[in-house]
Amino acid sequence: MNQNMRIRKLAWMGLLASLAIIFGYVEMLFPVFVSIPGIKLGLANLVTVFLLYTCTYKEAGIVSVIRIVVIGFLFGNLFSILFSLAGAGLSLACMTIAKKYKAFSVIGVSILGGITHNLGQIVIAALVVENVNLFYYLPALMIAGLVTGLLIGIVTGEILKRASIKIR
């Protein structure tokens with residue numbers, strides 16, 4: 001890859017990382033009113049799923065880490081960063097495998113990502129606080145992951161279609 005292409009790719013990744021951070025901030029302005037802590041819409045995951053289909057899992061991972069660290073330092077704490085990194089890591093790994101083996105559509109990959117993100121977070125939370133009772137939240141978190149993953153998948157699929165980006 002020549003120098004010009006590297007610069008363009010770096011600028012593109014910076015733009016998408018900024019967009020993911022903005023989505024994370026906007027998401028905090030509209031909290032989901034449920035009695036289960038940690039449930040969010042996952043707007044920033046639009047960027048992750050988009051990158052997974054337009055670039056590579058490595059680039060999706062880099063942008064996710066940047067987003068999580070920046071949002072964590074601006075609006076959260078070290079625990080929120082830890083929980084988000086665990087969820088994002090598991091989610092990205094599962095989505096990458098599902099996409100690679102063409103097991104699911106964009107919507108299915110996003111749903112898998114939403115569910116596994118919540119699973120990764122609850123496992124780390126239970127380990128950190130040393131309390132397995134947190135797994136009582138798991139059914140509600142799985143449903144939330146399914147619903148938010150569905151919505152993110154639909155929107156990402158439409159963006160990919162309208163941007164005339166071929167799904168690879």
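**Exercise 1.** State which helices are included in what covers the buried residues of α6.

*Solution.* The cover of the buried residues of α6 includes α2 (45-54) and α5 (106-129). Here a residue is buried when under 20% of its relative accessible area remains (1.4 Å probe, protein chains only), and cover is judged by contact, meaning heavy atoms within 4.5 Å. Helices are DSSP runs of H or I with at least four residues, numbered from the N terminus. The model is predicted: local features need pLDDT of at least 70, side-chain atom pairs count only at pLDDT 80 or more, and totals for chains, interfaces and linings use all residues. Residues are numbered from 1 along each chain as its sequence is written, and side-chain values use heavy atoms, with hydrogens and water left out.

**Exercise 2.** Name some buried residues of α6.

*Solution.* Among them are Leu138, Leu141, Gly145, Gly149, Ile152 and Leu160. An α-helix has 3.6 residues a turn, so residues three or four places apart point the same way.

**Exercise 3.** Check the span of α6 against its number of residues.

*Solution.* Helix α6 covers residues 138-162, which is 25 residues. The rule is 1.5 Å times one less than the number of residues, so α6 should span 36 Å. The end C-alpha atoms of α6 are 35 Å apart, which agrees. After α6 comes Ser164, with a positive phi near 55°.

**Exercise 4.** Describe the whole chain by its helices, its box and its buried share.

*Solution.* The chain has 6 helices and 0 strands. Its C-alpha atoms fill a box of roughly 50 × 35 × 25 Å along the principal axes. Of the 168 residues, 39% are buried.

Note on methods:
Helices (H or I, at least four residues) and strands (E, at least two) are DSSP runs, numbered from the N terminus. Buried means under 20% relative accessible area, exposed over 50%, partly exposed in between (1.4 Å probe, protein chains only).
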